[in-house]
Amino acid sequence: MKFDTVIKNGVVVTATDTFPSDVGITDGKVAAFAVDLPLESAERVLDARGNYLFPGGIDVHTHLDMPFGGTTSADDFESGTIAAAFGGTTTLVDFAIQYKGQTLRTALDTWWGKAHGKAVIDYGFHCIITDLPDARLDEMKALVREGISSFKLFMAYPGVFMVEDALIFKAMLSAAQTGSLICMHAENGGAIDVIVQRALAEGKTAPKYHALTRPTTAEAEATGRAIALAEMAGAPVYIVHLSCSEALDRVREARDRGVAAYAETCPQYLFLSLDNFDVPGFEGAKYVFTPPLREKWHQEKLWNGLANDQLQVVSTDHCPFCYKEQKELGRDNFTKIPNGGPGIEHRLSLVFTGGVHGARFSVNRFVELVSTNPARLFGLYPRKGTIAVGSDADLVIFDPNQDQTISASTHHMRVDYSMFEGIKVKGVPRQVLSRGQLVVDQNKFVGRAGHGEFIKRQTYSQP
Ligand code: URP
Ligand code: ZN
Ligand code: ZN
């Protein structure tokens with residue numbers, strides 16, 4: 001058998017197995033596994049001795065080139081996908097936004113235009129729905145046929161993205177028919193708005209009030225409501241960026257009853273807390289994202305949720321805004337700080353460090369959380385999310401013992417600070433392949449803008 005590339009001497013890790021093997025790649029696909037694959041005919045041989053070989057990471061929550069909060073997220077599809085690749089992520093699912101009055105198809109066309117020719121790794125889109133008159137319901141079905149098999153709805157950000165329960169319920173009924181998945185930003189936006197206005201009236205304008213005006217109860221209430229609506233509609237539901245113990249309780253209770261409720265959390269909720277606002281001046285703006293950071297004790301509840309399958313996915317919610325000129329828009333009023341944080345680059349290293357080195361879960365569970373479960377839930381499996389004959393050769397040669405200190409001075413995201421500045425991780429991608437092509441080779445970008453392809457996703461399957 002002739003291979004384009006053979007990866008030698010690695011330890012292959014999937015969600016279920018760990019075994020030493022060489023991996024042969026032909027035409028961008030995994031073609032064979034064996035110890036001692038023949039090398040003679042291979043055009044390239046990569047030595048993975050001492051390293052794990054993971055399926056490429058899949059980040060199902062990113063916002064590249066996204067207009068938001070009076071500005072636009074700082075990474076576009078080129079810089080954002082390069083940073084993702086450095087971190088071992090080989091597929092993104094970003095969000096195409098339908099603005100009021102637009103067709104859903106317009107949203108998709110706009111985001112195709114942003115990504116085409118720029119992405120260095122593969123990508124898909126969810127569609128954010130903000131406006132869904134009955135006449136538009138069929139558009140959801142048409143989008144599913146185009147490979148957009150998930151939709152995000154917001155229960156927060158009144159006047160911008162927030163939609164009412166009736167719209168959510170109708171969208172869920174449609175999802176139940178097509179097998180698509182509704183992703184929910186679960187916070188009670190109406191109640192939060194009242195609390196926010198009261199804080200502003202009291203002169204509380206500093207960044208930390210973004211967090212202090214968004215109580216965990218508002219997230220838990222909306223999480224419970226989203227699950228109840230999904231249950232009535234007979235549809236699965238996926239809670240995005242879950243940040244706190246109370247919301248996790250709602251997901252756990254539903255899952256214990258057999259409801260198809262799923263949830264993701266993000267590294268910022270696992271590693272950062274309200275304590276991060278104890279910084280001089282306006283620096284707290286670096287940690288303004290939604291839902292906000294919580295008291296530190298929530299972190300261990302979330303890790304426990306990841307270990308025990310109450311949470312199924314770790315995504316990043318990468319939504320980068322520079323501190324200078326972008327976060328600074330809210331110097332006098334925290335509601336004007338663009339919401340979002342940069343995280344696309346360090347998800348695998350952070351979760352590996354806290355989860356596997358932290359002895360909270362196995363290396364197989366790690367793969368499941370960062371690659372296999374997102375692939376299954378979002379219709380990418382088994383093309384992506386595993387290492388199997390016939391799957392895309394999206395592969396990460398990962399050194400589990402290499403130390404790295406996260407810093408804005410070395411990261412590849414186009415943003416002037418790091419949320420994780422100074423945090424030490426153990427476990428770093430060494431080489432990253434997308435469909436058999438090296439994208440990152442020992443700290444060097446060797447990929448190509450435009451290599452990344454739009455992936456027409458299948459519908460949801462249970463993880
Ligand atoms: O603060 C955040 N999370 N910004 C991105 C938009 C969202 O709600 O996911
Ligand atoms: Zn959100
Ligand atoms: Zn988001």
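In the predicted model, the donor residues of the zinc ion (ligand 2) follow the sequence spacing K-x32-H-x55-H. The donor atoms are NZ of K152, ND1 of H185 and NE2 of H241, and they coordinate the zinc ion (ligand 2) at 2.1 to 2.3 Å. A separation of 3.9 Å is found between the zinc ion (ligand 2) and the zinc ion (ligand 3).

Ligand 1 is surrounded by 14 residues, of which K152, Y157, H185, T290 and D317 are the closest.

Polar contacts to oxygen atoms of ligand 1 come from side chains and from the backbone. A polar side-chain atom of Y157 lies 3.0 Å from an oxygen atom of ligand 1. For H61, an N or O atom of the side chain is 3.4 Å from an oxygen atom of ligand 1. The backbone is represented by G340, with a polar atom 3.4 Å from an oxygen atom of ligand 1. Taken alone, ligand 1 exposes 270 Å², and 100% of that area is buried by the protein. As to its location, ligand 1 sits in the largest cavity.

Methods:
Residues are numbered from 1 along each chain as its sequence is written. Chains are lettered from A and ligands numbered from 1 in the order in which they are written. This is a predicted model: local features need pLDDT of at least 70, side-chain atom pairs count only at pLDDT 80 or more; totals for chains, interfaces and linings use all residues. Side-chain values use heavy atoms; hydrogens and water are left out. Donors are N, O and S atoms within 2.8 Å of the metal (3.2 Å for Na, K and Ca); water is not among the atoms, so sites may look incomplete. A residue is near a molecule or strand if one of its heavy atoms lies within 4 Å of it. A polar contact is a pair of N or O atoms within 3.5 Å; within protein, one must be able to donate a hydrogen and the other to accept it, and residues adjacent in sequence count only if both atoms are side-chain atoms. Accessible areas come from the Shrake-Rupley method with a 1.4 Å probe; for residues, only the protein chains shown count as cover. On a 1 Å grid over the protein atoms alone, a cavity is a set of points where a 1.4 Å probe fits but cannot get out, and a pocket is an open set with protein on both sides within 12 Å along at least five of seven lines; lining residues have an atom within 4 Å of a point. A molecule sits in a cavity or pocket if more than half of its atoms lie within 2 Å of its grid points.
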